[in-house]
Structures are given as C-alpha cells and as structure tokens.
Amino acid sequence: MSQEDAPVNMSFTLREENRVLLQRVADMIRDEVMPLEEEYHAEINKGDRWQYTQRQAEILEGLKAKAKAAGLWNFWLTDSDKGFGLTTVEYAYFAEEMGKTPLGAEVFNCSAPDTGNMEVFERYGSEKMKEQWLKPLLEGEIRSAYLMTEPDVASSDATNVSMSCVRDGDDYVLNGEKWWSSGAGDPRCKVYIVMVKTGGDEQPKYKRQSMIVVPADAPGIEVLRPMQVYGHDDAPHGHMHIRFTNVRVPAENILLGEGRGFEIAQGRLGPGRIHHCMRAIGQAESALEQMCKRSLQREAFGKKLAQLGANYDIIAECRMEIDMARLLCLKAAWYMDQGDARAAAPWISQIKVIAPRVALKVIDEAVQMFGAQGISQDTPLAMAWTHVRTLRLADGPDAVHRRQVARAELKKYTQEKI
C-alpha cells in the first residue's frame, strides 16, 4: 500500500442538528413535493411550453415559499456565512434526498447550474455582481445558466473552447455559439456565466480561457433552439443552443481577469460534480423503492414478481451497488472538505463514472420490473433514466474521467508524464 493509500481518519457522519434538519427535508419531499410532481409535469403541455402556467407557478413558488419560511433554504452554501455551515459530506446527504424528485433541488434553492454560478459570484464576483445577480439568486427570484460547451469543438477538452472574446475599449465583444446551456430556456433565467477564449497560442495552454458575466437579454444574443434529450426538450428548463453576434459587455464583467477561466472552473466543478452524483444516488434509491413495491404488489404465473426469475438477486445487487457508490461519493466529499481540490480530483472522477452508472443500472432494472409501464409516462422511471444517462456526458464524459483516474494510478509507478 502506498503512502497515498494509507488509512486516514475519515468521518461520514452528520452532526445531530443537521440530522434533524435532513429529516425535515426528507419529510417535506415525501409529504409535500412528491404528491404534486405529476400535476406539475402535466402542466408543461398546456399552452406555451417555455412559460410557466399559472398552476405550475403556484406549485413551484408555493413549495419554495414553504421551504424558505421553514428555514430549509440554500443548504449548498457549505463554506459561507449565508448558509448552514454544512460540510461537503453533510450536504451530500441533503443532495441525495433532494435527488429523489425532479422538483427537490429547486424547492430548497439548491438547483444546478445556479448553485455553481452562485459559488462563482460568491467567491470571485465584484460587489456589484453580488448585488445585481447573487442576491436575487440566493432569494430564488431568478435563474441562471452556465455556458461552456460548443457545437464545433470537443468540449470534453475545455482548452478547445473557442468563443471569441475581444477587448474593445471599455467592453468585451463576444462572437460564437454555445449549446447544451442548461436552464437557459427558463423564462426566469436572467444571467449567463460564459467560458470564452481571450488568449492566443502565445499564452500558456491553461491561460487562454476566461469567464465573463453576460446578461441574458444583452443585444446580439439569439436562442437558436432547445436541444432535445432523447427526443424531449426538457421544457421549461431547456438546454439551449445560443448564438452570440457582436455581444458587448462591460470589461468589468470578466471574472478575476483574463486567463483565469480554468482556475474558476476547478473551484466550481468539483463540488458540483459531487452534488450531481449524490442526486443520482437519490434517484437510484427512489427507483429501488419503486422496484421493490412493484415486485411485492404484482403477480404473474401465480407468484409475486419478487419470487420470479432472478429478482431476489437483482434487488440485492442494486442494494449493494447503491451503498458502495454512496460510500465512494462520501469519500470524495471528505477529500473536498480537507481543502485540497487537487487531492480530491481523482476521487471526484471516480464517482462521476460510478454514481451515474449505478443509478442507470438500478433505474433500468426498475423499468424492467414494471414492464411496458416502466417506459411510459405513468411512472417517473423513464424521465429518471433519460436524466441519468445524460449525466454520463455532463461535466465530462465517462472516458475523460476514467482517463484521469488511470493517470493518477499510473503516476504512482513512474516519473514520466502520463
């Protein structure tokens, strides 16, 4: 065993006051949020898909108001005086619970990409940005989007990001296209954080990109289309394809200065990936619960489904794999809590592969247990499967994260650059 692998004192526990807090969140999700899911989603096809119907707004804003009034709000602020002071490990349990329902994260103002964007504003934004954008985001009054991926380059290697951002007097001028801009379809989305290229080949490889804050209504921004995910447009949230044509923003909108984009991205993406993975664990738990209930309620060939075929083994394997994936996620969260993002990175890459893979398997087994109903709109499983399958590409595809894990492993045995 190498020194890096030597046992250390890790704790994955919740402080008692936060255990009580988590139970309150779990109770609200089960008793108040989940019962309204079906009605909320049924409203999407009424009228303009990209506007909230009156009933949709009543459901969503009503639940948010209840959560805020109960003090169940902004849990993700793990190292800020504006939050609850949760550790990353503690917040992981909350993310898992919120992942059990599509509405969960937003009800408690813990939705992506807003959480990552709020962290960026909190850590790197000017006082003006904090007043204009962070404050209403913290209150849940507006939404935001993070624009990095581009249609014409392999964005899994972010050094390829090529959207032009050129200084012109007191402004920067942006030209180019972004796609898979999650949340940009929401009519409440008011601000983008955009990864752009500001440096040429003469600059070091990781100093060519920057992040800049762009109002969503800036002249020259054109939303071309919503990207479909397995044939669905995910309205009214949306993953939009956007064109920038001579979009001018004040030079003061650049975050930290030119060439600091990767530095900001690493601070943003690490915690966000843990949150995604723990929400995926929550989806897996929900799918397993549905699978078990179905196997005990439904009969075929004179027996409960649980007693047929290999269903005992399938349920057991799902239980064990969920628990293993959760422990790996908590280990990555623990490393993040130690304050060394570089040390946490290989563990985050591991969970980014494992958590969606396990969740996808469990959801798929649940679909199989339901038969044809499992792929229909009559259960939440088809939507969950689509979301988790997409997660294997979001924030870096599996192959990129496996590459990082392998490089970290090989580095133990060689001095050569891997």
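Q: In which hand does H9 pass H11 at their crossing?
A: A crossing is left-handed if the near helix is turned anticlockwise from the far one by less than a right angle, and right-handed if clockwise. In this predicted model, H9 passes H11 in a left-handed crossing. Helices here are DSSP runs (H or I, at least four residues), numbered from the N terminus. Residues are numbered from 1 along each chain as its sequence is written, local features need pLDDT of at least 70, and side-chain atom pairs count only at pLDDT 80 or more, while totals for chains, interfaces and linings use all residues. Side-chain values use heavy atoms, without hydrogens or water.

Q: At what angle do H9 and H11 pack, and how far apart are their axes?
A: An axis is a line fitted to C-alpha atoms over the stretch in contact, and angles between N-to-C directions run from 0 to 180 degrees. Helix H9 (residues 341-370) and helix H11 (residues 398-410) pack at about 140 degrees, with axes 8 Å apart. That makes H9 oblique to H11; under 35 degrees counts as roughly parallel, over 145 as roughly antiparallel, 65 to 115 as roughly perpendicular, and the rest as oblique.

Q: Which residues of H9 meet H11?
A: Contact means heavy atoms within 4.5 Å. From H9, Pro346, Ser349, Gln350, Lys352, Val353 and Arg357 meet Asp398, His401, Arg402, Gln404, Val405 and Ala408 in H11.

Q: Is Ser349 buried or exposed?
A: Buried means under 20% relative accessible area, exposed over 50%, and partly exposed in between (1.4 Å probe, protein chains only). Ser349 has 7% relative accessibility, so it counts as buried. A polar contact is a pair of N or O atoms within 3.5 Å; within protein, one must be able to donate a hydrogen and the other to accept it, and residues adjacent in sequence count only if both atoms are side-chain atoms. Such a contact, of 3.2 Å, joins the side chains of Ser349 and His401.

Q: What does the side chain of Ser295 lie 2.8 Å from?
A: Ser295 is in helix H7 (residues 261-297). A polar atom of its side chain lies 2.8 Å from the backbone oxygen of Cys292. Ser295 counts as buried, at 1% relative accessibility.

Q: How many residues of helix H5 are buried?
A: In H5 (residues 114-124), 9 of the 11 residues are buried, so this helix is largely enclosed by the rest of the structure. Among them are Asp114, Glu119 and Phe121.

How values were computed. Helix = DSSP H or I, 4+ residues; strand = E, 2+ residues; numbered from the N terminus.
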